[in-house]
Structure formats: C-alpha cells, structure tokens
Amino acid sequence: MLYQNNVTECRRMANQVIDIKVRKSLKHKATMLQTIGMSYLFEDYEQGISHLYKAKKLYDEIADGKNGEIHSSINLHQIHWGKEPEDLKFDSEEPYDKHDIIYYLVKNKKVNEAKQLIESIDETRLSDRDLAFHFFSKGLVDRNLDFMYKSILQFKKIGNLFYIRLPLDELRKQGVNDLLLKTILT
C-alpha cells in the first residue's frame, strides 16, 4: 500500500498488524512501525520520526542485523525535513548510505563533495530500487532534469508510487509544469 501511495490504507493495515495480540516475533511490529513512519515522509515530521524511533528501538531489541535499513529511513526523514541526521555512515560502501550522505550534502549546499561521492558509486551494480534513488541523487547533484526523469522511470519500473514523489517534487521546484508531471505518471 505504501508503494502504491495509498497512505491511509497502508497505515490502517499496518496498525492492524501491530494490534495483533498473538505474534511470533517483534520483527513484524518493527517493520510496521517503520512503514508507518515512512508514510509520513511528505506530511508530518513528528509523526514520522516518532514511529521510526519506535521501530529502531524494537530492531535494537531484536538485534537481527536490519538496523541498516532503519537508520537509513531515519536519515532520509530527517534530511528531507531539514533536520540534522544523527546516523550518517560516512565509511559505508552501501549505496543507500551513500545516497543519504549525498542528499544531506546537497541540502547543505556542499555539491562538490556530493559530486565526488556520487561518482564513486558503480551504477552497474545497483538494484532497480537503488538505481531509482541514484538517479534522484544525480539529478540533485547535477541539477539535471534528465536524471530526475530517469529516477521517475525507475520508480515506475519497480511500482513505487510513494518515493517517486521525491523526483516529482524536485521537478516542481525547478518549474516543470504540473500537468506534464501528471501526464508522466499515467
């Protein structure tokens, strides 16, 4: 539901999973809290970060090695809302960590540093999901609309109509006609 950009239904269903009394693991609850948290990315910083920290607490309890994903979700949420991220992984080779740092650097007008970092990523080794975020990051760094369009195409390819809003919002900021953007999505 989140990837289909059906945020209301996503939250309803996730809360139902959280409310299940008999649960084999806390991982389901943590995943649902993370999903709800990310569903607020474009709406409400406080609601989103609150759910993400609850998810992180559960992931820390579980200690199943999935904390990389939650820290990246928290970073994305904080950076998007203009807050200082608490857990950027500058030594990581993971694409999602590098994309977090690039987004942070661009938001803080350190484009040359972001450009060096984006050039260190081997596009040929990225998953379709990481490639969508990569083109978004390249578009931010180069201020090149073509990369934003490529990002949109990648997000459409993987069926993610939620995060597709990142490049769409950037295109709007750069003055691209809203009717054209709606046409692209159909």
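Modeller: Ser 72 is buried, since its relative accessible area is 11%, where buried means under 20%, exposed means over 50%, and partly exposed lies in between (1.4 Å probe, protein chains only). This residue belongs to helix 4; helices (H or I, at least four residues) and strands (E, at least two) are DSSP runs, numbered from the N terminus. The structure is a predicted model, in which local features need pLDDT of at least 70, side-chain atom pairs count only at pLDDT 80 or more, and totals for chains, interfaces and linings use all residues. Residues are numbered from 1 along each chain as its sequence is written, and side-chain values use heavy atoms, with hydrogens and water left out.

Leaving aside residues up to four places away in sequence, Ser 72 touches Tyr 96 and Asp 100, a contact being heavy atoms within 4.5 Å. Helix 5 spans residues 95–107.

Further along helix 4 stands Ile 79. Ile 79 counts as buried because its relative accessibility is 3%. When residues up to four places away in sequence are set aside, Ile 79 touches Pro 85, Leu 88, Asp 100, Tyr 103, Tyr 104 and Lys 107. By contrast, Ile 79 and Leu 180 are separated by 101 residues in sequence and by 27 Å in space, C-alpha to C-alpha.

The chain between helix 4 and helix 5 forms a loop that holds Lys 89. With a relative accessible area of 33%, Lys 89 is partly exposed. Its contacts, not counting residues up to four places away in sequence, are with His 71, Asp 97 and Ile 101. The C-alpha atoms of Lys 89 and Ile 101 are 7.7 Å apart, although 12 residues separate the two along the chain.

Which helices each supply at least two residues of the lining of the largest pocket? They are helix 2 (27–39), helix 4 (67–80), helix 5 (95–107) and helix 7 (128–142). The volume of this pocket is about 620 Å³. Among its 25 lining residues, Gln 34, Glu 69, Ser 73, Arg 129 and Tyr 163 are the closest to its centre. By class, the lining comprises 11 nonpolar, eight polar and six charged residues. A pocket is an open set of points on a 1 Å grid where a 1.4 Å probe fits, with protein on both sides within 12 Å along at least five of seven lines, and lining residues have an atom within 4 Å of a point. The volume is the space filled by probe spheres set on the points. Asp, Glu, Lys and Arg count as charged, Ala, Val, Leu, Ile, Met, Phe, Trp, Tyr, Cys and Pro as nonpolar, and the others as polar.

Lys 109, in the loop between helix 5 and helix 6 (111–119), is exposed, with 73% relative accessible area. Its phi is near 60°, a positive value in a residue other than glycine. Most residues other than glycine have a negative phi. Arg 143, in the loop between helix 7 and helix 8 (145–157), also has a positive phi, of about 55°, and is not a glycine. Its relative accessibility of 48% makes Arg 143 partly exposed. Gly 159 occupies the loop between helix 8 and helix 9 (165–173) and is partly exposed at 23%. Beyond residues up to four places away in sequence, Gly 159 touches Tyr 3 and Gln 4.

The protein has 10 helices and zero strands, and 45% of its 186 residues are buried. Of the contacts between residues at least 6 apart in sequence, 51% join residues at least 24 apart. The C-alpha atoms fill a box of roughly 50 × 40 × 30 Å along the principal axes. The mean pLDDT is 89, and 95% of the residues reach 70 or more, pLDDT being the predictor's confidence in each residue, from 0 to 100. Among the elements, helix 7 has the highest mean pLDDT (95) and helix 10 (residues 178–185) the lowest (81).
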